[in-house]
Amino acid sequence: MSTAKQHGRPASIVGQRPFPPEQVERRPGCPFDPPEARERLREDGPVSKIRLANGADLWVISGYDEARAVLSDVRFSSDVIRRTSSFNLTPEQVAAGPSGCPVHEGERRDGMFIFMDPPEHTRLRRLLISQFTVRRMKALETRVHEITVELVEAMRAGGTRADLVADFALPLPSLVICELLGVAYEDRAEFQERSAITLNTGNSAEVQAQAGLELLEFMRTLVAAKREDPGDDLLSGLIRGDLAADPPLSNAELVDIGLTLLGAGHETTANMLALSTFALLEHSDQLAALRADPALIDNGVEELMRYLSIIHTGPRRIATEDLTVAGVTIPAGDTVLISVPTANRDAARWSAPERLDLARPRAPHLGFGHGVHQCLGQQLARVELRIGLAELFTRLPDLRLDVPAAEIPLRTDMVVFGVHTLPVAWG
């Protein structure tokens, strides 16, 4: 987005151009399984090194225990603003060696907390945690149900066919984030439209950049309005709770926080909704089990998070010193990728991990991350998935794919895996 360019941070975390194609491309007929090349890495050991397309080396962590260890070790930095990730290097910088990618010193003055380390991350996360209250989550659960019903009924009213991504999976989390941030009803259409454009890879870079600028200005206006007239929303809560913060949150930090919550909470939930629907339609036995016992949905959401693992080329960390993982030394400055899809299918952790089993006994997975950066909004995401999937399959009992599964376009070139479109039919 435009904020990234403005603050000197990576212009996009969406595309994966330096990543070797064989490490992201799904096998024909197996859209839900990790790429074969990634699974071979796991078979060779929990820590491997590969070469990116720009010539830089990348360490890949494939084992579950090793992934948790890296994610909980603050010596593996998340600060890709001041530290240079292998993904962001040009071939010329790679050829120049380590001196071509220095660490940028100086105080962080932005609100991109997902790219921060303690103590800066700790300060912002503490303020944000105070806003994810039980009362707010309960109120949002009611609205999630109302929004879900409205969207499904709108699909039904429109005929017997739809693109589940455009008509359901994208607008649901977008409208929920409007509730969370306190976007006025009359402004929500604009907010949704700008958000959808920035996330639609079918649009040109210029169109996406323009929508990003407009979304940035929208968020600036929203923050200014909350300063002037606070409501009962997260941004207003941050402004009120910020009175005791040291130092106080700036408008720029609040804008970045709003955009980060949008990016982290919108794209991930939207793709989980669409991909989970696709997976259940392709696993008729599991869908039948869910229909027979709707109480399976809570456990089913956890299993879908494990099985699908949509953060398929991340999270990423940078070693701040020479560090050892599973007996392998990772030099200071090197970039590490935690391979969530393979870690979440570690046979040492799960029995028959390649199988989708909604009744599988619940065990901690890495779908929401781990450590200090574990997803802040995971409970809200669970609510959206639980209610969204339950209402979708209840209100459209004969829901089915409208094209052969092999024709569903996959988001293999993105940080967040999923489907670009999901044509469905009913009736």
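**Stop one: α12 and α16**

This is a predicted model. Start by selecting α12 together with helix α16 (residues 378–395): their axes come within 10 Å and cross at roughly 40 degrees. That makes the two helices, α12 and α16, oblique to each other. Now show side chains where they touch. On α12, pick Thr269, Met272, Leu273, Ser276, Thr277, Leu280 and Leu281; on α16, pick Ala381, Glu384, Leu385, Gly388, Leu389, Leu392 and Phe393. Color this contact by class and you get nine nonpolar, four polar and one charged residues. The crossing of α12 and α16 is right-handed.

**Stop two: Pro248**

Next, go to the loop between α11 and α12 (251–282) and click on Pro248. Is Pro248 buried or exposed? Its relative accessibility is 54%, and the cut-off for exposed is over 50%, so Pro248 counts as exposed. While you're here, draw a distance from the C-alpha of Pro248 to that of Leu238: they are separated by 10.0 Å, with the two residues 10 apart along the chain.

**Stop three: α10 and α11**

Finally, select helix α10 (residues 205–228) and helix α11 (residues 234–241). Their axes come within 9 Å and cross at roughly 55 degrees, so α10 and α11 are oblique to each other. Here, too, the crossing is right-handed. To see what makes the contact, show Leu222, Val223, Lys226 and Arg227 on α10, plus Leu235, Ser236 and Ile239 on α11. By class, the residues in this contact are four nonpolar, one polar and two charged.

Technical notes:
Residues numbered from 1 in each chain as written. Predicted model: local features only at pLDDT ≥ 70, side-chain atom pairs only at ≥ 80, totals over all residues. Heavy atoms only, no water. Axes fitted to C-alpha atoms, helices over the stretch in contact; angles between N-to-C directions. Helix = DSSP H or I, 4+ residues; strand = E, 2+ residues; numbered from the N terminus. Parallel < 35°, antiparallel > 145°, perpendicular 65-115°, else oblique. Left-handed = near helix turned anticlockwise from the far one by under 90°. Contact = heavy atoms within 4.5 Å. Nonpolar A, V, L, I, M, F, W, Y, C, P; charged D, E, K, R; others polar. Buried < 20%, exposed > 50% of the residue type's maximum accessible area, 1.4 Å probe, protein only.
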